[in-house]
Amino acid sequence: MNPRNYNKDFSLIPHHTWLNVASEGPLPKVAVQALQEAIEWKNAPHLLTIAKFQQVPLELKKAIARLIHVDWQDVILGNSATYGLHLISNGIEFKKGDEIILLQNDFPTDILPWLSLQQKGVIVHQLKAKHQVLTPQELEKVINHRTKLVCLPLIHSFIGFKHDIGAIGQLCRSHGILCVVNLSQAAGAFEIDLSQWKVDVVVCAGYKWLLGPYGTGFCWIRKEVRQQLNYPQNYWISLMDESSLNSEGPINLKDDRSARRYDVFGTANFFNYVPWRASLEYLLSIGLNNVHQYNQALVDQIVDGLNQKYFDLISPRLKKERTNIVVFSYKDASQNLSLFNFLKDKGFYLALWRNKLRISPHIYNTCKEMEALLDALSAYVSK
């Protein structure tokens, strides 16, 4: 494992081991310091210069672009993953009879935005995977000339399996189908290079593995798809330059289809975007491959140490298939809630989703914490 102790970069409370970054990530110290600086700007408004209003969203976009290897001018700032999905579900003109394919049992974020289209006669399929996630072969069997869009997560929130987005994206592109991918359980955990995929849209929450405040997120839409959007979102900061703001004449609406037009309102969101950029720069300074290597060692320690006599592993066991999320159940699943509460009382904070226990360690966790967690699981078995 990487010898650096990243735990020192965070102000976590001793004896409280946070293993639920898949829900919410803590701020690193550099982000807390950045937030304190942003608070000072608001405390003394003369510090809130025009340059800051411009630079805060600009520098954040550049950091996100480095994270996923895209042009920063194609990055759209949001407040969640849902924000980007609504841009597409409301902005693309779907017709009666068009079909959309989703993963049944996916997190609701990826399902709810499309369901309103059923009122227009759009057919929304929630496709049940034969095993854990949909394969390209399963999709190829169900797509047809009416299929307009496929929306899937890269990493399944509830079971920790990974979609083969490279192959799925290629399949969709070859059939003229839009491929939309949610990166919320992936970005910040390992390297992502969008230039390697044939995808049309990615969305992502910023407050999980990307260690940002709640109410952060981004979206990337391929330029050719963005030009098709019919979504009248007219925000003055996005559409007006200095000369038009200083003019006393009539305001005219520009036909602007740039990514900037679709940014969430209030892009100079200092209290969220300043610390989030600091968190992104922190992860980028470590290197996402190094983050992945570190996190994978923690995952391996948990999976290899889980007593198969008492626990069923639901997430991947094969090392080559493991992701950043571990999901398991007590053999007697009726005890999972009791086990969850037992671990919480011992200072281990996991997630309990659909009566399954989910562990999502990140860069601030340590080998000693994983060892202590395994000891606590053994203690529960022995009690």
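Mentor: Strand β7 (residues 201-205) and β8 run antiparallel, joined by five bridges. This is a predicted model: local features need pLDDT of at least 70, side-chain atom pairs count only at pLDDT 80 or more, and totals for chains, interfaces and linings use all residues. Residues are numbered from 1 along each chain as its sequence is written, and side-chain values use heavy atoms, with hydrogens and water left out.

Strands here are DSSP runs of E, at least two residues long, and helices are runs of H or I, at least four, both numbered from the N terminus. Two strands pair if DSSP finds at least two bridges between them. A205 has G217 of β8 as its bridge partner.

β8 also pairs with strand β2 (residues 75-78). Four bridges join these two, again antiparallel.

Now the cover. β8 spans residues 217-221, and five of its five residues are buried. Buried means under 20% relative accessible area, exposed over 50%, and partly exposed in between (1.4 Å probe, protein chains only). G217, C219 and I221 point one way from the strand. F218 and W220 point the other way. Both sets are buried.

Next, the charges. Side chains of opposite charge can pair when their charged atoms come close. A salt bridge is a side-chain nitrogen of Lys or Arg within 4 Å of a carboxyl oxygen of Asp or Glu. The count is 14.

Take R226 and D74, which meet at 3.0 Å, N to O. R226 lies in helix α7 (residues 223-226) and D74 in the loop between α2 and β2, so the pair ties together parts 152 residues apart in sequence. R226 is buried at 4% relative accessibility. D74 is buried too, at 18%.

K61 and D263 form another, at 2.9 Å, N to O. K61 sits in helix α2 (residues 50-68) and D263 in the loop between α9 (242-246) and α10 (270-286), so this contact links parts 202 residues apart in sequence. Both K61 and D263 are buried.

D300 and K319 are also bridged, with their closest N and O atoms 3.6 Å apart. D300 belongs to helix α11 (residues 288-305) and K319 to the loop between β9 (311-313) and β10 (326-330), so the parts tied together are 19 residues apart in sequence. D300 is buried at 11%, whereas K319 is exposed at 58%.

Finally, a network of salt bridges links E59, R66, R277 and E281.
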